[in-house]
Amino acid sequence: MTMVRTCPACADTVSMSDAFCESCGRNLPVEAAAPDVVPTAPQESMAGIALDDADAQVTQPIRRDAVIPEAGPISVSPNVAPEWPPPATGSNPVAVANPGLCVWCPGRVTDGYCEKCGFLQPTGRDHVEVRAGKAFGVSDRGLRHKRNEDAMAIRVIEEHSPHAAGAVVAVVCDGVSSSPRSDEASRVTAETGATVLAERLRQGVDPREATGVAMTQAARAVAAIAESPDSAPACTFVSAVTCPRTGAVTVGWVGDSRAYWLSGGPTSSTSTLLTRDDSWSEAMVQMGALSREEAMRSANAHALIAWMGADSGEIDAHISTVTPIGPGAVLLCSDGLWNYYSEAEALTDAVPDLGTAPLEAARTYVGLALRAGGRDNITVVVIPVPTGGHRAEHV
Amino acid sequence: MPNTSDRAAGPEFRVEVDQNPYLPLGGTEVHAVVSVTSHSPVLVGTSVRASEVIIIDTSGSMYGEKINAAKQAARAAIEALRDGVRFAVVAGHREAQMIYPTADRLVEVNDGTRAEALEAVGRLCADGGTRMGSWLLKAAELFDSGGEGIKHAILLTDGQNNEMSDVFEGVLRRLAGRFVCDCRGVGTDWKVEELRRIDAALLGGGPGIVADPADLTADFRAMAQASMGKTVADVALRLWAPQNSVVRFVKQVAPTVQDLTDRAVQRVQQANDYPTGSWGTESRDYHVCVEVPAGDPGRQLRAGWARVVMPGETPDRDEVLASGNILAEWTQDEARATEIHPRVAHYTGQVELARAIQDGLTARREGDESTATTRLGRAVALAHESGNEETAKLLDRVVDVIDPATGTVRLKSSVDKVDEMTLDTNSTRTVRTRPRQSGPDTDGALGPG
């Protein structure tokens with residue numbers, strides 16, 4: 001049924017709901033329109049991306065800690081508000097507990113991407129994190145290199161051990177990229193070094209002696225994987241042993257990977273570099289031939305004069321012990337970090353909560369190096385040192 | 001990555017993604033062109049269920065040559081329908097009137113019903129008003145009685161709609177996506193914008209202008225044949241996007257420009273379904289823009305996951321026919337990050353071209369000559385730059401081009417109504433760029449995962 005009325009202009013019959021007169025074309029008054037007989041369909045929900053999941057995201061604690069197992073259901077800790085998007089330094093432990101789950105959020109993984117946050121999941125050694133309760137390490141491929149040739153290893157001596165209870169052992173190795181299979185070299189060297197060092201400490205061997213033995217064995221292990229002296233995998237080595245009982249920190253190194261003492265407060269020992277690079281530039285500076293700035297500008301600046309590998313000959317292991325006043329932290333790193341932050345003070349200022357949030361600190365250092373260019377592989381190990389100990393002194 | 005479906009009649013779909021995945025540090029906008037290609041069997045069998053409703057405007061203005069041409073055209077369309085398809089012919093005036101069959105239902109095409117329908121079309125006569133909303137509601141009613149399958153309508157009109165705009169818009173909102181409708185305007189008394197609204201709501205292939213009634217028959221036959229080539233209905237483009245991201249837009253950019261952004265429906269978690277209507281053997285391109293939170297250098301993100309989906313009864317029964325990844329990777333390499341993928345640039349230009357033409361013609365109608373000159377000049381430059389010769393030719397009839405490269409033009413003092421409407425109607429038709437030559441595996445575009 002059509003309700004009709006009359007066009008005011010030409011008096012022809014028009015429908016109540018017509019917008020204009022079909023005869024004369026005049027627009028018809030709107031108020032005469034019939035009520036809308038067409039029910040307006042309810043709008044489909046336009047709920048877009050699941051932003052409402054954001055809360056769930058915020059209350060997720062950092063998961064799958066390699067050392068501290070979660071008991072029961074995931075506990076909710078509202079104080080943990082992960083950065084979003086997750087920093088390039090993720091939270092991927094060496095052994096992923098469940099490869100079907102995202103390393104940054106509670107999403108499932110398909111085709112290598114998280115179904116929730118969308119990030120490509122790290123594979124192999126591209127990005128590795130080690131959480132050992134008392135020390136934390138992050139190693140990242142960086143932005144220019146095709147693979148990560150850095151390696152790290154951390155051991156914590158059991159609290160019930162008769163010797164060196166609670167001591168922390170960490171090793172960082174940087175594969176020499178001009179040598180073959182340098183990724184394998186660094187892995188073998190770091191693992192051997194940390195394992196031998198921890199074994200000796202448990203047996204009651206003094207940290208300095210244990211460091212010497214560990215370095216010798218690590219050098220033998222990496223030499224053993226060489227097919228010939230002409231094709232010798234090679235890497236750097238830096239180790240640290242922190243002993244909670246004596247407060248002493250023992251470092252050993254060959255090459256240009258570094259150990260730093262980083263101050264955690266005004267009453268702590270001041271931040272300082274604990275190692276001296278086995279590099280051409282450092283040698284020039286020590287000889288007084290060049291200033292540090294001049295040496296670093298040289299194309300040879302990073303050329304190593306000592307390393308571990310079948311072609312290195314007898315290694316000249318450097319070992320040093322300090323007893324710093326805490327709080328603070330011992331930082332081991334490859335040149336992927338210190339190329340951008342070489343001064344101990346700069347490293348301290350860059351990450352203020354070093355000792356209290358060591359994992360986050362290690363990630364932050366890696367993130368800083370990535371932002372600064374990430375030209376090399378980056379590996380950072382942070383060992384917090386609590387309040388106490390004696391004033392730092394070289395032994 | 002091409003996905004092969006084992007449904008006998010269904011087409012094979014392929015998704016390809018073209019983009020520059022690299023973003024500068026702090027960059028958040030990810031653009032990509034998602035190309036969807038489908039291949040149907042050459043001959044569509046009776047296993048494909050389809051319904052066709054032919055709506056002919058029989059308002060008073062159709063009197064004379066136009067109504068005769070419309071009858072010829074309707075007959076050509078009926079003849080192109082294959083046996084087994086359900087169909088109806090509706091006359092549109094003040095209300096929608098069943099021409100064939102006389103009852104409110106669809107009937108199956110066979111020799112008998114075809115002959116009866118051809119006969120019935122002869123009884124069409126021009127009288128009454130133009131109420132497109134009510135015609136479309138009648139078509140929807142008929143489709144609802146006809147069950148599943150391809151649902152296609154052809155709507156022919158020659159005048160402007162005589163319904164209050166809120167009534168008309170209400171009908172379009174209600175019917176959006178319920179069936180596919182191709183619209184044709186005959187003569188120059190109809191409104192391009194109205195048919196464009198119907199086309200957008202009902203996912204048509206772009207409205208068409210048939211200036212000369214004599215050309216209607218060939219055009220209707222082609223439309224009916226194209227409809228008979230469709231093998232799958234209600235296909236959706238499903239776009240997953242990462243948590244804390246926003247889908248800025250999803251636009252079909254080829255063969256016509258169709259903004260689908262507001263058509264999103266969330267059927268599965270964290271993904272939007274955009275309706276694409278029915279498919280035969282064809283190719284369509286979509287420009288997708290997702291805004292994601294900025295990531296650290298070197299970090300790789302799946303910024304979007306585009307899937308062609310055939311909805312099942314429940315979301316877990318949806319069939320994914322093909323998929324592709326839209327990626328993002330942050331880099332400090334400014335040169336790499338600022339490069340715009342040629343296909344993204346091309347379609348950005350084509351969308352702007354459509355906008356410039358429509359703006360320019362509106363300004364011209366309203367007597368704003370300076371805006372009209374600027375916008376149509378911009379259109380000339382864009383058409384020239386993208387090699388859209390078809391549109392360049394149409395623009396030539398509306399403006400005098402002084403320099404196509406810079407878009408320097410003068411408005412013609414008198415323009416044929418047909419030329420203006422043809423330009424307006426065809427403004428949303430784009431020219432395609434060739435997808436890149438390399439393999440279709442976009443998943444591997446960023447190297448080893």
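Predicted model: local features only at pLDDT ≥ 70, side-chain atom pairs only at ≥ 80, totals over all residues.
**Exercise 1. How many bridges join strand β7 (residues 150–156) of chain A to β8(A), and in which sense do the two strands run?**

Residues are numbered from 1 along each chain.

*Solution.* 
Step 1. Strands are DSSP runs of E with at least two residues, numbered from the N terminus, and two strands pair if DSSP finds at least two bridges between them.
Step 2. β7(A) and β8(A) are joined by 7 bridges and run antiparallel; Asp150(A) has Asp174(A) as its bridge partner.
Step 3. Now look at β10 (residues 237–242) of chain A: β8(A) pairs with this strand over 5 bridges, again in the antiparallel sense. Here Ala170(A) is partnered by Ala240(A).

**Exercise 2. Find out whether the faces of β8(A) are buried or exposed.**

*Solution.* 
Step 1. Buried means under 20% relative accessible area, exposed over 50%, and partly exposed in between (1.4 Å probe, protein chains only).
Step 2. In a regular strand, side chains alternate between the two faces of the sheet.
Step 3. On one side of β8(A) sit Val168(A), Ala170(A), Val172(A) and Asp174(A), on the other Val169(A), Val171(A) and Cys173(A), and all are buried.
Step 4. Because 7 of the 7 residues of β8 (residues 168–174) of chain A are buried, the strand is largely enclosed by the rest of the structure.

Note on methods:
Chains lettered and ligands numbered in written order. Heavy atoms only, no water. Helix = DSSP H or I, 4+ residues; strand = E, 2+ residues; numbered from the N terminus.
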